[in-house]
Amino acid sequence: AGAGPPRAPDPLSGLEALPTECLARAARALGVRDVMALGVTSRAMWGMCSDPELWAPKLAQDFGIRVAQGPQVSAKALYERVWGAAAQRARTVRFVGFYTDGGCDRHDTKRYWVDHMFNAHSYDYYCSLARTNIHCFGLLGEAEALRDSQRLQRRAFLTKRCTLAASILFQEGLAEIEAWSTEDLERFVRELLAHCSQDNSAQYPIGMLLVADAPSRQRQQEIERIRAVLDAPVPDATPLQSARHGGALCSEVCLPAAAGPRLSLGVISKVNISRQGSFTCPVSCGVVFMATCWRTGEQEATREELMEELQRVCSREDLRRFDDLHSREQVADLGGHTAGGLHWSETESGVTAEFAPRDIQGPAAPGAGASRGNGREDSWLHMGELQPVLWFHFGRKAGRRGGLEHGQAQDVLEVPLRWRRSGNLTCVKLISCEDLMDQMNDPSDIPNIDINFVQFMGSTVDLPSSVFV
C-alpha cells in the first residue's frame, strides 16, 4: 500500500488549548515556583511564562519594585536577581540619616543627630526640636555599616577600661554605663584620665582605675593608648544645621547618579522600631515609607539646593495625607485610598498596620517621568512616590505596671513584613510623642519626639544601569 497523506499535527490539548488571555490570567495567580515549573513543560508555556506582562506585576507585588518597561529590561531576569538577593539570610540594611525637617533638640546636632535613629547598633538616639509630623530621611549606605563596626569597637574598648571604675562608683556597676550614650561614656573616661598621675606614692588616683588590671610597668602605656583612642578621628556623618524651618541636613550627601554603573536597592523583609531609653517624649506613632531616588546631572547639587528640594518633598501630598494619623480608625479610612489593603498586627508593645503594595495596574505615581516626584521639568532630583510601608503605634508607658522604667521590652516593635519592599531611600514620619514631661520632671516648655532606632532587615541587590525604578 502506498503512503497516505501526511498526518495533520495533533490539535493543542490541555492547558495549551486555552486562550492565551486565560492562560496569562491563571499564571498571574500562581506563585513564583509554580510559574517556573509551568514554564519548563513546553515551548509554548516557556514563552508565556517569560512574558514581561507576567513578571512586572510580580515585581511590584512581591518586592514593591515598579520598572519602566523597555527593550533593555527583562522583567523575569530582574525578578530572578531580586529574588536571589531576598533569599539570603536577613541582615541589617543600613540607611544613613541625612535630613530632617524636625531639627535637633537644643540645636545639638552631634548628640541628637537624625542618623542615630537609623543605626540600631548605636547607643545614641534622635531627639527632635519640633513636636509633630516630623520627616526623617535615610539613604541606602552599606559602607556606613563598616564605620558602625569601627565605632562599636571603639566603644567596646572604652567600656572595658571602665569596668572596675563602674563597679566601684555606680550601684548598678557596668550596666549603668552600658546604657549611656557614647558621648557620655567618652566624657566619663576623659574625667577619669584627668585624675591619673604617674606619681602614685601618696595616694592612688581614682583615674588609675582605668588601668588597674594592667601590669604596673604597662599602666602608663595603657593610659596613652586610651588617650590615643579618644583623640583619634571618629568616622561620623557631620551634620550641618540650617535655621530655615528647623531643618537639619548632613554636610555630605552623595545621591546615586542615573548614569551610574548600577543602582543599589535594599530589599526589606522586617522593620524593628525602638523607643527604649529614659525619654520624656518617646515616639508614640508614625509611618515608614520607602522610595527610589537618583540625581540626573553629572554634578552634585549644593546643600542649599538639596535643602530646598527636600523641603518641597516634605510638603507633597503623599506625605502630608498622613499628618496627625493617631488612631486605627483614621488608618483604616486612609488605607482604602492608598493601597490594596491593610494587614493589622497587635502585640503587647503596640499595634501596626502594613500597607499592601499598590497594584501595578493602578494609577501611575505622581510625577512619574522626567520630573518624577515633584512635577518640575527642571528638577535634578528624581524621587518616586513615597510608598507607605507601615503605620505603628506604641502602647502607653504611663500607667505601666512597675513604673515608667519597667517593661523596656514593650518599647520595641518587631514587624515582619507580609509584603517585602525595595528602595534606596526611606522616610520615617514621626507623628507624635507620648508626653511624659510632668512625670519625669522635664522643665522644657513644649514636648518634642525622642526615638531610639528604626532598623531595616533584609538584603541588598544591584540593578543594571538600564533599569529605571
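Strand 2 (residues 95–100) is mostly covered, with six of its six residues buried. Buried means under 20% relative accessible area, exposed over 50%, and partly exposed in between, for a 1.4 Å probe and protein chains only. Strands (E, at least two residues) and helices (H or I, at least four) are DSSP runs, numbered from the N terminus. The model is predicted: local features need pLDDT of at least 70, side-chain atom pairs count only at pLDDT 80 or more, and totals for chains, interfaces and linings use all residues. Residues are numbered from 1 along each chain as its sequence is written, and side-chain values use heavy atoms, with hydrogens and water left out.

Strand 2 has antiparallel partners. Two strands pair if DSSP finds at least two bridges between them. Five bridges link strand 2 to strand 4 (residues 134–140), in the antiparallel sense. Within this pairing, Gly97 stands opposite Gly138 of strand 4. Strand 6 (residues 248–250) also runs antiparallel to strand 2, over two bridges. Here Tyr99 has Leu249 of strand 6 as its bridge partner.

The protein chain as a whole holds 13 helices and 17 strands. Of its 469 residues, 48% count as buried. Contact means heavy atoms within 4.5 Å. Among contacts in the protein chain with a separation of 6 or more, 74% come from residues 24 or more positions apart.

Strand 11 (residues 350–355) is likewise mostly covered: six of its six residues are buried. Both faces are covered. Gly350, Thr352 and Glu354 lie on one side, and Val351, Ala353 and Phe355 on the other. Strand 10 (residues 342–346) runs antiparallel to strand 11 and is joined to it by five bridges. A hairpin of three residues connects strand 10 to strand 11. His343 has Glu354 of strand 11 as its bridge partner. Strand 13 (residues 387–394) is also antiparallel to strand 11, again with five bridges.

Helix 9 (residues 182–194) has 13 residues, and its end C-alpha atoms are 18 Å apart. The expected span of a helix is 1.5 Å times one less than its number of residues.

Empty space was examined next. Rolling a probe the size of a water molecule over the atoms shows where empty space is left. On a 1 Å grid over the protein atoms alone, a cavity is a set of points where a 1.4 Å probe fits but cannot get out; a pocket is an open set with protein on both sides within 12 Å along at least five of seven lines; lining residues have an atom within 4 Å of a point. Grid points are joined across faces, edges and corners, and a volume is the space filled by probe spheres set on the points.

The largest pocket has a volume of about 1,000 Å³. Its lining comprises 38 residues, of which Tyr125, Gln276, Gly277, Ser278 and Phe279 lie nearest its centre. The lining divides into 17 nonpolar, 11 polar and 10 charged residues. Ala, Val, Leu, Ile, Met, Phe, Trp, Tyr, Cys and Pro count as nonpolar, Asp, Glu, Lys and Arg as charged, and the others, Gly among them, as polar.

Two cavities of 30 Å³ or more are present in the structure. The second largest cavity holds about 30 Å³ of space. Residues lining the second largest cavity include Phe98, Cys293 and Met383.
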